[in-house]
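Subject: Structure handover

Hello,

Here is the structure I promised to pass on. My notes on what turned up follow below it.

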Amino acid sequence: RFLQFDESLGKTYQEIWEVRYATRADPERAALYLIRQAFDHLFGKLAPDDEVRNSPYWKTKDGDQPDQIWREERIQYSAAKHIKDKARAETLLESSRHMLNVYQALNRAHERNNIDCAKARKALEEMRAFLEDWANAVGL
């Protein structure tokens, strides 16, 4: 279904599990990179920059990147725009804090030492569940 929504996103999503289960050298690290990319790709499609900036969910930022869009803003916009069932939208928004914490766990892929495989697998499965929940909620 991700493939039908956006071919590039679908291929990235498929590759997460191909890498995770078929790569012998550090599969969790590669899968962490890919699932993070899939997350950003999905929300980039659901919440395009110009639409988010023209919505009540976006605020101008301080500093040298005032037009930057934060993930939370994309998530809020996506829920309001794409989820018809308001109770479901609220549930997904409530879980978004945890989802963003999991996203930070995906950043462990950048560490230059060995990663904890069990923690990486947990982060992968949690993010997979979030992505699938969102795909269901928005009708992919």
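Lysine 11 and glutamate 7 both belong to helix α2. They sit four residues apart, about one turn of the helix. Their side chains form a salt bridge, 3.2 Å from N to O. Lysine 11 is partly exposed, at 48% relative accessible area. Please keep in mind that this is a predicted model.

Salt bridges

The whole structure holds 13 salt bridges. In general, side chains of opposite charge can pair when their charged atoms come close.

Aspartate 49 and arginine 74 are another such pair, with their closest N and O atoms 2.5 Å apart. Aspartate 49 is in helix α4 (residues 49-53) and arginine 74 is in helix α5 (residues 71-82), so this bridge ties together parts 25 residues apart in sequence. Are the two partners buried or exposed? Aspartate 49 is partly exposed, at 34% relative accessibility. Arginine 74 is buried, with a relative accessible area of 15%.

Arginine 53 is partly exposed, with a relative accessible area of 27%. Aspartate 50 counts as exposed, at 55%.

Aromatic rings

There are five aromatic pairs. One of them brings together phenylalanine 2 and tyrosine 13: the ring centres are 4.4 Å apart and the planes stand at 45 degrees, so the pair is tilted. Phenylalanine 2 lies in helix α1 (residues 2-5) and tyrosine 13 in helix α2 (residues 7-22), so the pair links parts that are 11 residues apart in sequence. Both residues, phenylalanine 2 and tyrosine 13, are buried.

Tyrosine 13 also pairs with tryptophan 17. Here the ring centres are 6.0 Å apart and the planes are at 80 degrees, so the pair is edge-to-face. Tyrosine 13 and tryptophan 17 are both in helix α2, four residues apart, about one turn. Tryptophan 17 is buried, as is tyrosine 13.

Ring pairs link its members, Phe39, Phe43, Tyr103 and Trp134.

Charges over rings

Tryptophan 17 comes up again here. Arginine 128 lies over its face, 4.0 Å from the ring centre. Lysine 61 has its charged end over the ring of tryptophan 70, at 5.0 Å from the centre.

Glutamate 73

Which side chain makes a polar contact with glutamate 73? Lysine 61 does, at 2.9 Å between the two side chains. Glutamate 73 lies in helix α5. It is buried, with a relative accessible area of 6%. A polar atom of its side chain is 3.2 Å from the backbone nitrogen of lysine 59. Leaving aside neighbours within four places in sequence, glutamate 73 is in contact with Val52, Tyr57, Trp58, Lys59, Lys61 and Gln68.

Where to look

Start at tyrosine 13, which pairs with tryptophan 17. Go on to arginine 128, over the face of that tryptophan. Then turn to lysine 61, which sits over the ring of tryptophan 70 and has a polar contact with glutamate 73.

Best wishes

Key:
Residues numbered from 1 in each chain as written. Predicted model: local features only at pLDDT ≥ 70, side-chain atom pairs only at ≥ 80, totals over all residues. Heavy atoms only, no water. Phe/Tyr/Trp six-rings, centres within 6.5 Å; stacked < 30°, edge-to-face > 60°. Helix = DSSP H or I, 4+ residues; strand = E, 2+ residues; numbered from the N terminus. Buried < 20%, exposed > 50% of the residue type's maximum accessible area, 1.4 Å probe, protein only. Lys NZ or Arg CZ within 6 Å of the ring centre and 35° of its normal. Salt bridge = Lys/Arg side-chain N within 4 Å of Asp/Glu carboxyl O. Polar contact = N/O pair within 3.5 Å; in protein donor to acceptor, adjacent residues only side chain to side chain. Contact = heavy atoms within 4.5 Å.
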